[in-house]
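Subject: Structure for you to look at

Hello,

Here is the structure I said I would pass on. Please open it next to this email and follow along.

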Amino acid sequence: MRGCKLKSALFYIAAPTTLQLLFANRRDLRSISLGPNLKQKQNSSIVISNLRDATSLDYSADTVCWSDIKTESIQCWTGNSSVTIADSLPAPEDVAIDWICENLYWSDSDTNRIEVVGLEEPYHRRVLVYEDLDQPRAIVLDSNEGYLFWSDWGEQARIERVAMDGGGRRVSR
């Protein structure tokens, strides 16, 4: 059993009318349609602009979060405003949102840590993994099963996993 509660017993995920790809383009976050005719050139549209150096992003139903190397921070946008979730991060590499518990996870390749913060105020931040990390980079969540996977690009490159509460760490490859 996961260690979080759903806000409501009733929820749904609305299917978009056309598929969209959301991506970071350093200075802004953009969206491009992946409609039925993929052979035609598609123009991207700006979703969030005036960023310094956005390197990664993730999103849930109503929240988009991104890391910015230049501002050494992670920010999230909900509705029509953005908030800084974490700052003083020397090298925030990747972000991942747990859409079930509404937590945000990230890797930092300078501090060699993987951290987590709740997406609701007050933003409780916690170091999840810090031992035996060399250069943690890409992270991905399996929210249904409660696992976080990451790649470590250090001297002994590997892929590892840990429960999303920090327990049960093991090398996957």
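A residue counts as buried when its relative accessible area is under 20%, as exposed when it is over 50%, and as partly exposed in between. R26 has 48% relative accessibility, so R26 counts as partly exposed. Please keep in mind that this is a predicted model.

First, the overall make-up. The chain has 15 strands and zero helices. It is 173 residues long, and 39% of them count as buried. Taking contacts between residues at least 6 apart in sequence, 30% join residues at least 24 apart.

Strands of a sheet pair through backbone hydrogen bonds, in a parallel or an antiparallel way. Here three strands make an open sheet in the order 1-2-3, with antiparallel pairing. Its edge strands are strand 1 (20-24) and strand 3 (45-48), each of which pairs on one side only. On average, neighbouring strands of this sheet are turned by 35° against each other, direction ignored. Between strand 1 and strand 2 (residues 29-33) there are five bridges, in the antiparallel sense. Among the bridge partners in strand 2, I32 faces L21 and S33 faces Q20. Strands 1 and 2 form a hairpin with four residues between them. R26 lies in the loop between these two strands.

Which backbone values stand out? Most residues other than glycine have a negative phi, and most peptide bonds are trans. R26 is not a glycine, yet its phi is positive, about 60°. N112 also has a positive phi, near 55°, and is a residue other than glycine. N112 is placed in the loop between strand 9 (103-108) and strand 10. With 18% relative accessibility, N112 counts as buried, because this value is under 20%. The peptide bond from E121 to P122 is cis, with omega near -10°. P122 is in the loop between strand 10 and strand 11.

In soluble globular proteins, nonpolar side chains tend to be buried together. The largest nonpolar core of this model has 13 residues, and Y105, L128, V129, L148 and W150 have the most contacts inside it. Strand 10 (113-118), strand 11 (125-129), strand 12 (136-142) and strand 13 (147-152) each give two or more residues to this core. A second, separate core has 12 residues, including I74, I85, L104 and L119. Apart from its neighbours within four places in sequence, V129 is in contact with N112, R113, I114, W150, V162 and R169.

Then the aromatic rings. How many aromatic pairs does the structure hold? It holds one. The pair is Y147 and F149, and it is tilted, with 6.4 Å from centre to centre and 55° between the planes. Y147 has a relative accessible area of 24% and is therefore partly exposed. F149, at 27% relative accessibility, counts as partly exposed too. The charged end of R161 sits over the ring of Y147, 3.8 Å from its centre.

G79 lies between strand 6 (73-78) and strand 7 (81-86). Its relative accessibility is 48%, so G79 counts as partly exposed. From C-alpha to C-alpha, G79 and D62 are 7.1 Å apart in space, while 17 residues separate them in sequence.

Regards

Definitions and conventions:
Residues numbered from 1 in each chain as written. Predicted model: local features only at pLDDT ≥ 70, side-chain atom pairs only at ≥ 80, totals over all residues. Heavy atoms only, no water. Pairing = 2+ DSSP bridges. Axes fitted to C-alpha atoms, helices over the stretch in contact; angles between N-to-C directions. Buried < 20%, exposed > 50% of the residue type's maximum accessible area, 1.4 Å probe, protein only. Core = buried A, V, L, I, M, F, W, Y, C linked by side-chain atoms within 4.5 Å. Contact = heavy atoms within 4.5 Å. Phe/Tyr/Trp six-rings, centres within 6.5 Å; stacked < 30°, edge-to-face > 60°. Lys NZ or Arg CZ within 6 Å of the ring centre and 35° of its normal.
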